[in-house]
Amino acid sequence: MKANGVQHKKDPGGHITVQDLTMMYGNFVIQHDLNFTIPRGDIFIIMGGSGCGKSTLLRHMIGLKAPARGRVLFDDISYWESSSAEQQRIKRSFGMSFQSGALWSSLTLAENVALPLGEYTDLTAADIAEVVSLKLSLVGLAGFEEFYPSEISGGMQKRAALARAIALDPEILFFDEPSAGLDPISSRRLDDLILELRDSLGTTIVVVTHELASIFTIGDNAVFLDAETRTMIAIGNPRTLRDGSPNPVVRQFLNRGEL
Amino acid sequence: MPGQLSLQFHSPDDLRVVLAGSWLLVDSLPSADDVALQLQSRSDVHRLSFDGKAITQWDSGLLIFLARVYQLASEGRIHVDPGGLPEGARRMMKLATAVPPQEDTGKHSKPPPVLERIGLRSLSMWRAGPEMLHFLGEVTLSFGRLFRGTAQYRRSDLMLIIEDVGAHALPIVSLISFLVGLIVAYMGAVQLAQFGAQIYIANLVSLGMTREMGALMTGVIMAGRTGAAFAAQLGTMQVNEEIDAFRTLGFNPIDFLVLPRMLALILMMPLLVLYAGIVGITAGMFVAVTVFDISTFEYYQQTVRSMAWSHIWVGVIKGTVYGMLIAFAGCLRGMQCGRSAQAVGEATTSAVVTGILFIVIAASLLTILFQELGI
């Protein structure tokens, strides 16, 4: 987002590149030989049936889990081969919204959003307070600064988690199941918010979801992980894949089981 | 070039805010005070517009500045024309102002005055009593069902909990009771040696460990180890709605979760207390033999002479009561737990504090009772 939001820089190397990635738990292969590139300013969907390793792939991309083989590159810098200082710098450009919000329950919404700001910027307390109210008003939660996460609804928790994720103006935003547990209208609003963030700020967005409505509304590109063969079996625009993917599994998934 | 701000009058009633350079949060940015000053000095301004063509890059720094300017404008009832802003910033400002701040959330009220707070505190303490009694009643009913054989719980759960609170507690109970035995023996021996009565270390240690210290130390260990674990387990289940899941399936969570835990600790505490006594007496023997030149056989003889079944019974009864109280406190706080990580921490702390408080009260009452009964 440091780059001016108006211009979408599309460098050929891509913003995020996943190369020959193999993920394992112990000796159990979750997914193998994943290869894809996410251009800057893209909304990229990771999709697939339950238990195919979508969230695990996300955990590899945000540096929570080391790959068994292969690399994850951010602007052509390999995350797992970097020094810990470099890794810290790369991580600073991420924002992550976890599946169930993962707001810190002992802190108010304002304190949740303020914590990364206080830790990683030199802003004064007054400036932080203003950034916090701005971020909360962006997600439609102005006035809820003093609430604890347990005092607001699930949908509001999701939006508050998004406010925390965008606290440091990240260049990349990761979402794990953003619409899980939300009603269709809240889910639609969250999709609009995701689109708006990309359009206004040029943020690269990676979303793990199996919500079809969401996939078609926001997805520019998508990768389909197959639980059977344990690898990716399709990549491209989700609408194109729905209508013309040569692979029946992908078409079935994107058409709710009807071919 | 860091962010620059200049103000121009497009027409007498139209203030134009000209922005240039880089407007990043990390830079030191111009404040909105200049705009405020202009607006104060010129009351005839009715329109505020922007010229952002020279902005090179921006992030939340620009948005905060704009939020302040928007705020000033709405206070002065001035029309804002965002047309000259970078497109992304214009859209973000539209988004930020789309949902007006929630008024009247009930959160900004001042803390209540002292008297009211004392009142609220007293009321909540007053309510804690009946809550505890209610839980005690449920547990009693559950034990009633246990004896009639209708309680719903899994034997395998009970066995796992017994293993955890019994066998797995042995190392720490051994260590602590050995050290306590050592301390009692050494402290006593130093005094007794002045009269040449070192042999009575045996009486001191055997009585002290079986009647009081064995049960008390085991109780304190179990309050910290097991009481806390019970509260944390049940509290986390409360957070995950697992306890509600039991209720909706028609299981009684007291039978299913609290009963096996209480039963396990009530069964294991007497054994642990006996074990602690034996370890403590061994530690006393170790001190007597190595430091005070008493032979192992002499010490053994003196211990047997000083012991009576009543001492052992007193210790075992005390231990059983402590076990009951620790399990009760742990399960009570776990079941009362709120729905956050914070609440689990509070429940665990409270379980240990309540458990130890119960133990100390029970220890005093039982000691007086046994004294009066002459046991």
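Me: Domain bounds come from an automatic or database domain assignment. With that in mind, what are the bounds of domain 1 and domain 2 in chain B?

Reply: The model is predicted, and local features in it need pLDDT of at least 70, side-chain atom pairs count only at pLDDT 80 or more, while totals for chains, interfaces and linings use all residues. Residues are numbered from 1 along each chain as its sequence is written, and chains are lettered from A and ligands numbered from 1 in the order in which they are written. For chain B, the assignment gives domain 1 as 4–98 and domain 2 as 130–373. The C-alpha centres of domain 1 of chain B and domain 2 of chain B are 69 Å apart.

Me: And what are the domains of chain A?

Reply: Here domain 1 is made of 9–93 + 171–189 + 201–259, and domain 2 is 102–169. Taken over C-alpha atoms, the centres of domain 1 of chain A and domain 2 of chain A sit 26 Å from each other. Where these two touch, domain 1 of chain A gives 6 residues and domain 2 of chain A gives 7 residues; a contact here is two residues with C-beta atoms, placed from the backbone, within 7 Å.

Me: How do you know what radius of gyration to expect for chain A with its 259 residues?

Reply: There's a rule for that: the radius is taken over C-alpha atoms, and the globule value is 2.2 Å times the number of residues to the power 0.38. For 259 residues that comes out near 18 Å, and chain A has 18 Å, so chain A agrees with a compact globule. Its C-alpha trace spans about 55 × 45 × 40 Å along the principal axes.

Me: Why is Tyr299(B) called buried?

Reply: A residue is buried if 20 or more other C-beta atoms lie within 10 Å of its own, exposed if 12 or fewer, and partly exposed in between, with C-beta atoms placed from the backbone. Tyr299(B) has 25 other C-beta atoms within 10 Å, so it counts as buried. It belongs to helix H10 (residues 296–306) of chain B, and helices (H or I, at least four residues) and strands (E, at least two) are DSSP runs, numbered from the N terminus. Not counting residues up to four places away in sequence, Tyr299(B) touches Ala202(B), Met285(B), Ala288(B), Val289(B) and Ile294(B).

Me: What makes a set of residues a nonpolar core?

Reply: The members are buried Ala, Val, Leu, Ile, Met, Phe, Trp, Tyr and Cys residues, joined through C-beta atoms within 7 Å. The largest one has 93 residues, and Ile46(A), Leu136(A), Ala163(A), Val206(A), Phe224(A) and Leu63(B) touch the most other members. Its largest share, 7 residues, comes from helix H2 (residues 60–75) of chain B. Apart from it lies another core of 63 residues, with Tyr299(B) among them.

Me: How do you know where helix H7 of chain B bends?

Reply: The bend at a residue is the angle between axes fitted to the seven residues ending there and the seven starting there. At Met209(B), helix H7 (residues 201–239) of chain B bends by about 60°. After H7(B) comes Glu241(B), with a positive phi near 65°.
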